[in-house]
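Work through the exercises below with the sequence and the model open. Each task is followed by a solution in steps.

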Amino acid sequence: MFTRIFGKPKQETNALTTLDKLSETLEMLEKKENLLLKKVAAEVEKAKEFTRAKNKRAAIQCLKRKKLYEQQVEQLGNFQLRIHDQMIMLEGAKATTETVDALRTGAAAMKAMQKATNIDDVDKTMDEINEQTENMKQIQEALSAPIGAAADFDEDELEAELEELEGAELEEQLLQPATTAPAAPMHVAAGRQPTRPVPSKPTPEEDELAALQAEMAL
């Protein structure tokens, strides 16, 4: 339908050629109009000269030619107006044709893209992606599962055994006696002050026991 109304794309070139031709014709008419206006002005000057010379007949002839030139100027003006009108119509038709052609191209591109990616293909692709994802998850789970003798171990039983070991270790630390021996009595001579014993440096085990007792007291 668009082709029948606006013509084929080849006609766009013809429109451009026609616009160029109309532009050249308009320029030619403007030059002729300017020439005729100069002739009108010249006839007016001649009529003035003949009037000053008391040559009434010659002056009237100049005014008659001036009128003829003015009629031609008016005719050329009408020609230019029609050409301007024709150029405006052609430019509008050209813009319309280009717009329709752009819309036609866009519609064809959209149709091609929709044909390449219909809804069935999209659903099929998503199903394949979900299936591949699920397969990969199963493969990863199979690779991370224990094999051989380790597969027979009970995780709950191992956790309970670990808790028993931790409880026994804590109880052993709480019941461990202090390793420092009681200080022997010292005999001090009369008139002398007893020498204060130098405290021994605690062992790491004593430090750990003291810290544990203080934590239990809290």
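**Exercise 1. How many salt bridges does a search of the whole structure find?**

Step 1. Apply the criterion: a salt bridge is a side-chain nitrogen of Lys or Arg within 4 Å of a carboxyl oxygen of Asp or Glu.

Step 2. The search finds five salt bridges.

Step 3. Note the basis of the count. The model is predicted, so local features need pLDDT of at least 70 and side-chain atom pairs count only at pLDDT 80 or more, while totals for chains, interfaces and linings use all residues. Residues are numbered from 1 along each chain as its sequence is written, and side-chain values use heavy atoms, with hydrogens and water left out.

**Exercise 2. Describe the salt bridge between Glu27 and Lys31.**

Step 1. The closest N and O atoms of this pair are 4.0 Å apart.

Step 2. Because Glu27 and Lys31 are four residues apart in helix H2 (residues 10–52), about one helical turn separates them.

Step 3. Classify by relative accessible area: buried means under 20%, exposed over 50%, and partly exposed in between, with a 1.4 Å probe and protein chains only. Glu27 has 44% and is therefore partly exposed; Lys31 has 55% and is therefore exposed.

**Exercise 3. Which residue does Lys66 meet in a salt bridge, and is Lys66 buried or exposed?**

Step 1. Lys66 pairs with Glu70, at 2.8 Å from N to O.

Step 2. The two residues are four apart in helix H3, so about one helical turn lies between Glu70 and Lys66.

Step 3. Lys66, at 13% relative accessibility, is buried, whereas Glu70, at 30%, is partly exposed.

**Exercise 4. Describe the salt bridge of Arg104.**

Step 1. The partner of Arg104 is Asp101, with 3.2 Å from N to O.

Step 2. Arg104 and Asp101 are three residues apart in helix H3, so they too are separated by about one helical turn.

Step 3. Arg104 is partly exposed at 36%, and Asp101 is partly exposed at 37%.

**Exercise 5. Which side chain does Gln80 join in a polar contact?**

Step 1. Gln80 lies in helix H3 (residues 56–116) and is buried, at 9% relative accessible area.

Step 2. A polar contact is a pair of N or O atoms within 3.5 Å; within protein, one must be able to donate a hydrogen and the other to accept it, and residues adjacent in sequence count only if both atoms are side-chain atoms.

Step 3. The side chain of Gln80 contacts that of Glu33 at 2.6 Å.
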